[in-house]
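Please walk me through this structure, stop by stop. I have it open in a viewer and would like to know what to select next and what is there.

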Amino acid sequence: MKSPLFKNVREITPKEGIRLNRRVVVFLICLMVSAFLWVVQTLSQNYAVEIYFPVEYHNLPKDKVVANPLPQNIQASVKISGFNYLIYKIFHRNKIVFIDAKRLKKSHERNNYYILPNSKIETISNQFNEDIEILKIEPDTIFFNFNKKISKQVRVKTNIAISYEENYQPTDSLTLSPKTITISGAKEIVEKIKFVETKPIVLKNVKNDVSLTLSILSSPQLKLVEITPDIVKATMHVTKFTEAVIELPLDFVNVPKRYSIKTFPDKINVKYNVSLENYEKIKPSDFIAVVDYSKVSKGSNKLKVELKKFPKEIHSLKISPQKVEFIIRK
């Protein structure tokens, strides 16, 4: 029995439900078509918009350098359809505009020149397709202050922090190629630059040979000069090391004539690190350990042990003992 509240409500039959669903689908399709047509109509219209373009300057004098900072971007007022503007924003937003600096106008100030970008609108427009019409460019004037270009060689300093895997060490120092680079620019800027540095890099737990390509670290001064080359190669041989100990006799130097010295002990130990590949090559004859009688302190009976000769292949030398007692006899 139906409630009195719903006595006038009729149930929807399956056929009526299908017809209702079709009406909703038709309505949604019409809505989507209308929205699509509105978008098409909107995008087909032309608009005046402001667009920023990165700039590169071509045909600058090769024997001169620009001493003032040049604009890196220009602002262009353009007439463009919605379609093409959308394409530009998606695919060409970083398009570079080339400005030809071959024919500059001379200013009344010495070494100063200028160019009027709006007088180059046709040339710049040719860098785009016909669907973009450039109306105006800002800045309306670009100034160039030229100085005579000079060049010099400066050394390269590395910015590398290296830590090694346990028992691994370099067999030689870091080698740079090239060790110097050429900088070219205005005399007052070039003369102030004494060296260049590479970008910082950190290497941890190194156990293989090092081979790096390093970029030059930029600075306000370096931005005003040309750098050739702007990268350097760094190499260093790294290998596994082992600890070794060798016993050496002592030689005596600067002992007065008709005198002799006896030390206690008469031999010392040298502890060092050596690569596995060079371990068998190291011989006692590669070392010379001496005590110098001329360096004895007054009232002391000890002399410092010095290594006058040792192989270049070894590292981290430790002498034991570092001083020996002595007696001198006629």
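Start by selecting K136, which counts as partly exposed at 42% relative accessibility; buried means under 20% relative accessible area, exposed over 50%, and partly exposed in between, with a 1.4 Å probe and protein chains only. This is a predicted model, in which local features need pLDDT of at least 70 and side-chain atom pairs count only at pLDDT 80 or more, while totals for chains, interfaces and linings use all residues. Residues are numbered from 1 along each chain as its sequence is written, and side-chain values use heavy atoms, with hydrogens and water left out.

**Salt bridges**

K136 and E138 form a salt bridge, with their closest N and O atoms 3.5 Å apart; the term stands for a side-chain nitrogen of Lys or Arg within 4 Å of a carboxyl oxygen of Asp or Glu. E138 is partly exposed, with a relative accessible area of 33%. By this rule the count comes to 4 salt bridges.

Next, select E226 and K149. Their salt bridge has its closest N and O atoms 3.1 Å apart. This pair links distant parts of the chain, 77 residues apart: E226 is in strand β16 (residues 226-228) and K149 in strand β8 (residues 142-157). Strands (E, at least two residues) are DSSP runs, numbered from the N terminus. E226 counts as partly exposed, at 42% relative accessibility.

Then move to K295, E306 and K308, which a network of salt bridges links. Between E306 and K308 the closest N and O atoms are 3.5 Å apart. Is E306 buried or exposed? At 17% relative accessibility, E306 counts as buried, whereas K308 counts as exposed at 55%.

**Aromatic rings**

Rings of Phe, Tyr and Trp (its six-membered ring) pair if their centres lie within 6.5 Å; planes under 30 degrees apart count as stacked, over 60 as edge-to-face and the rest as tilted. The count by this rule is 6 aromatic pairs.

Select Y114 and F143. They form a tilted pair, 6.4 Å centre to centre with 50 degrees between the planes. Y114 lies in strand β6 (residues 112-115) and F143 in strand β8, so the pair ties together parts that are 29 residues apart in sequence. Y114 is partly exposed, with a relative accessible area of 24%.

Now select Y293 and F326. Their ring centres are 6.1 Å apart and their planes stand at 90 degrees, so the pair is edge-to-face. Y293 lies in the loop between β21 (288-292) and β22 (302-309), and F326 in strand β24 (residues 323-329), so the pair ties together parts that are 33 residues apart in sequence. Y293 counts as partly exposed at 21% relative accessibility, while F326 is buried, with a relative accessible area of 10%.

Y57, Y113, F144 and F146 are linked into a cluster by ring pairs. At F195, the charged end of K157 sits over the ring, 4.4 Å from its centre; this requires NZ of Lys or CZ of Arg within 6 Å of the ring centre and within 35 degrees of the ring normal.

How values were computed. Helices (H or I, at least four residues) and strands (E, at least two) are DSSP runs, numbered from the N terminus.
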